[in-house]
Amino acid sequence: MEDARRVSLAVPLVLEWYRIFKRDLPWRRERTPYSALVAELMLQQTRVEAVKEKYVAFMRRFPTAEALAAASEDEVFKSWEGLGYYSRARNLHKAAKIIAQEGFPRTWVGVRALPGVGDYTAGAISSIALGLKEPAVDGNVLRILTRLLADGSNIDESGTKARFKALLAEVYPDETADFCEALMELGALVCVPNRPPMCGACPWSDLCKAHIEGRETEFPVRFPKRERKQVEASVLVLRCGNKYALEKREKGLLKGLYGFPFFEGEIAPAAYGTVLESKRAVHIFTHVEWDMTGYLVDTASEGWGYLWKTAEEIASACALPSAFCAFKAWLF
Ligand code: ADE
């Protein structure tokens, strides 16, 4: 059977399955283009379970693009706390300002031009909130399609994604939102990565070429992952009375957020005061790993150009990224 024919037969099957088995997720209850933008940016690098509560709280705090546009960056970061990858929060804030001025874009190209929106997210928002037949193809969608077609193309090659996008665009049904989310849902619930897929529960089991041939786990085919750069770093938790030193990070990872004073390489913590404790912690970003040694140091005077805040002030007003979590425990 030709690929295009197999994919077109797959469309009604996955739509029907989705209507029965879809999860009740907060962003599926009430949809506006703005709410879809918030949800899709939150979901970019974060699991559904971790996003659910944050999404509800965020939408309560900033129910419209106008409300978000009017907020300060610190407030936005505070509502984003715990989700990580804070550049998404900064981009969402910028996007809200554009939308508040110009209205929500009505085309894929317009959505794609918003800060923080890549091809996949533009496809998702266009399909889910604007009724456009614009496929959203990410690793999950590539996995279910390469299995459906037993297609051994390397999914890390740029042409592969483009080819699957074109294939989906040919068969895109009028129910654009359901179809987009049905593909995501099948990849999340049934045709899962890293473990054998649950083919017994799959609406495509009689159609899926990989399953028919017993080769489900051979797909997708991909390049080996790029290595993560390891950075040795030192973190100072400087205490003076009931206050702690913070710096607003000026560049690089976590830019614009507050953090404990951070140094690449080793430092001499005793130069700052009395060293009370030290511990190691690791934080993993996409392409970088911080291998940190943290020091809790009592110091006699507030200085070094740092901001000095009490633990309560830090808890209530400063978004401290989870990279510093292990050291934050010293404050409470
Ligand atoms: N991942 C990315 N977008 C999603 C959505 N709308 N629903 C569930 N998972 C998703």
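Helices (H or I, at least four residues) and strands (E, at least two) are taken here as DSSP runs, numbered from the N terminus. I am working from a predicted model, in which local features need pLDDT of at least 70, side-chain atom pairs count only at pLDDT 80 or more, and totals for chains, interfaces and linings use all residues. Residues are numbered from 1 along each chain as its sequence is written, and side-chain values use heavy atoms, with hydrogens and water left out.

**Entry 1, cavities.** I searched the whole structure and noted two cavities of 30 Å³ or more. A cavity is a set of points, on a 1 Å grid over the protein atoms alone, where a 1.4 Å probe fits but cannot get out; lining residues have an atom within 4 Å of a point. A volume is the space filled by probe spheres set on the points.

I looked up the largest cavity, which holds about 110 Å³ of space. Its lining has 15 residues, with Arg147, Cys191, Cys199, Cys202 and Cys208 nearest the centre. Helix H9 (residues 139-149) gives the most to this lining, with three residues. I sorted the lining of the largest cavity by class and got 11 nonpolar, two polar and two charged residues. In this sorting, Ala, Val, Leu, Ile, Met, Phe, Trp, Tyr, Cys and Pro are nonpolar, Asp, Glu, Lys and Arg are charged, and the others, Gly among them, are polar.

The second largest cavity holds about 30 Å³. I listed its lining as Val7, Ala10, Val11, Val14, Leu145, Leu168, Phe179, Leu183 and Trp204. Helix H1 (3-21) and helix H11 (176-189) are the elements that give two or more residues to it, and H1 gives the most, with four. The lining of the second largest cavity has nine nonpolar, no polar and no charged residues.

I counted 11 nonpolar, no polar and four charged residues in the contact of H1 with H11.

Note on methods
On a 1 Å grid over the protein atoms alone, a cavity is a set of points where a 1.4 Å probe fits but cannot get out, and a pocket is an open set with protein on both sides within 12 Å along at least five of seven lines; lining residues have an atom within 4 Å of a point.
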